[in-house]
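Hi,

Here is the structure I promised to pass on.

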Amino acid sequence: MRIERYMTPAEDAPRGIFAHPVLALGFRPFFLLAGLLAAVWLPLWLHVLFSGTTLPLAVDPTAWHAHEMIFGFAVAVIAGFLLTAVKNWTKQPTPSGASLAALVLLFVAGRVAMLIGGDWPAGLVAAIDVAFLPAVALAIARPIWRSRNKRNYGIPLLLLVLGLINLAFHAGGGALPRAALTAGVDVLVVFLVLVGGRVIPFFTRNAVKEANVVSRPWLDWSAFGLTLALVPVHLFGLHAIAAPLALAAAVANLARLAGWNPTATLTRPILWVLHLGYLWIGLGLLMLGLSPWVPALGGTAPLHALTVGALGTLILGMMSRVSLGHTGRPLVVSRVTVAGYVLLTAAALARVVIPLASPAHYPQALMASGTLWAAAFALFVGVYWRILTTPRPDGAPG
């Protein structure tokens with residue numbers, strides 16, 4: 001994807017603290033926040049889980065962990081990516097400076113409310129936490145509408161759907177919060193299928209001329225539609241069709257990936273990490289589809305193949321690539337970043353495979369996976385902190 005440069009009119013240029021480079025474009029603060037959340041929130045949850053420590057969380061610890069991985073960590077990355085990509089797609093400005101700082105504060109307020117809001121009115125916690133996604137949807141809807149960028153009309157709607165699912169989590173009783181969390185993961189996977197289907201073959205075709213990348217529109221639409229259909233199925237408990245639908249989505253996504261020739265990228269970490277993340281989508285959906293007939297898959301293995309495996313890997317790969325590209329640096333990742341890719345892959349394997357192979361070692365699998373996950377994102381923060389908080393070396397804005 002070609003990186004466009006934009007000049008900010010002098011009268012609109014941020015001033016004072018809002019002129020700091022970290023507020024120049026959405027990917028900068030939100031990628032940093034995502035990396036920090038991934039490196040800190042998961043070890044904190046494991047500490048609460050195994051030590052018995054009590055925190056004033058707004059919900060029970062397991063629900064807090066699931067919610068924050070979806071509506072904290074993952075949503076931060078989506079916000080950072082869209083606030084950056086929409087500017088590129090539409091040639092229209094997106095929030096920077098003070099307006100971007102306001103979005104950052106709104107996001108941070110949600111994390112604080114979920115962390116220490118146990119004694120707060122539930123409605124207040126919900127209002128603070130739920131406000132962020134509609135705000136981001138509005139921020140990207142304006143440039144999309146102004147530019148008549150019809151191809152992306154659905155993206156703000158997807159964010160609003162995710163926001164409504166978050167509202168259902170806060171408002172629901174009984175089984176609704178769990179169904180909302182499952183549907184939230186589904187929406188995130190839909191987003192990965194949508195964006196991954198655009199950028200992975202594009203990046204591969206441009207960087208590896210001999211790759212012979214094949215994209216079939218009918219297969220792209222099938223993969224997207226079948227994956228999207230899982231959202232209402234899980235949200236409304238339509239269990240009879242969930243497994244067959246997941247199997248069909250798995251086949252479509254794996255066939256799609258095969259056409260992108262992933263083996264041609266094995267010498268290019270910045271590419272193979274994206275192919276690997278997309279492979280986890282297919283594997284997670286396949287496990288989900290087989291779960292009624294394979295009892296061992298009836299637990300959380302499919303869910304964590306989609307979250308730790310697909311979501312974590314694609315997020316780490318995209319954050320590292322976007323951070324380099326949009327700060328004017330060569331698209332070559334360092335050895336430390338590649339080590340992060342490897343650690344995250346090990347985290348996914350530990351979380352998915354160990355409980356399946358040896359259920360008695362489930363606690364050890366949690367600790368191993370959580371430690372590897374946190375280390376991978378701590379490396380990202382360590383490598384990209386300076387990149388994301390300093391001006392572009394070429395002097396261009398953004």
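**What I found**

Before the rest, some housekeeping. This is a predicted model, where local features need pLDDT of at least 70 and side-chain atom pairs count only at pLDDT 80 or more, while totals for chains, interfaces and linings use all residues. Residues are numbered from 1 along each chain as its sequence is written, and side-chain values use heavy atoms, with hydrogens and water left out.

On the overall fold: the protein chain has 13 helices and zero strands (DSSP runs numbered from the N terminus, with H or I of at least four residues for helices and E of at least two for strands). The C-alpha trace spans about 60 × 55 × 40 Å along its principal axes. Of the 398 residues, 53% count as buried (buried is under 20% relative accessible area, exposed over 50%, partly exposed in between, with a 1.4 Å probe and protein chains only). Taking contacts between residues at least 6 apart in sequence, 78% join residues at least 24 apart (contact means heavy atoms within 4.5 Å).

Now the helix pair. H2 (residues 61-90) and H3 (residues 97-116) pack at about 175°, their axes 11 Å apart (axes are lines fitted to C-alpha atoms over the stretch in contact, and angles run from 0 to 180 degrees between N-to-C directions). H2 and H3 are therefore roughly antiparallel (over 145 degrees). The contact includes Trp64, Phe71 and Leu83 of H2 and Leu103, Phe107 and Met114 of H3.

Then a few loop residues. Most residues other than glycine have a negative phi. Arg148, though not a glycine, has a positive phi of about 55°; this residue is in the loop between H5 (132-146) and H6 (154-171) and counts as partly exposed at 47% relative accessibility. Asn212 also has a positive phi, near 55°. Asn212 sits between H7 (176-207) and H8 (217-235) and, at 60%, counts as exposed.

And where is Thr265 found? In the loop between H9 (239-259) and H10 (269-290). Thr265 counts as buried, at 0% relative accessibility. Beyond its neighbours within four places in sequence, Thr265 is in contact with Thr204, Leu271, Trp272 and His275.

Cheers

Conventions
Angles under 35 degrees count as roughly parallel, over 145 as roughly antiparallel, 65 to 115 as roughly perpendicular and the rest as oblique.
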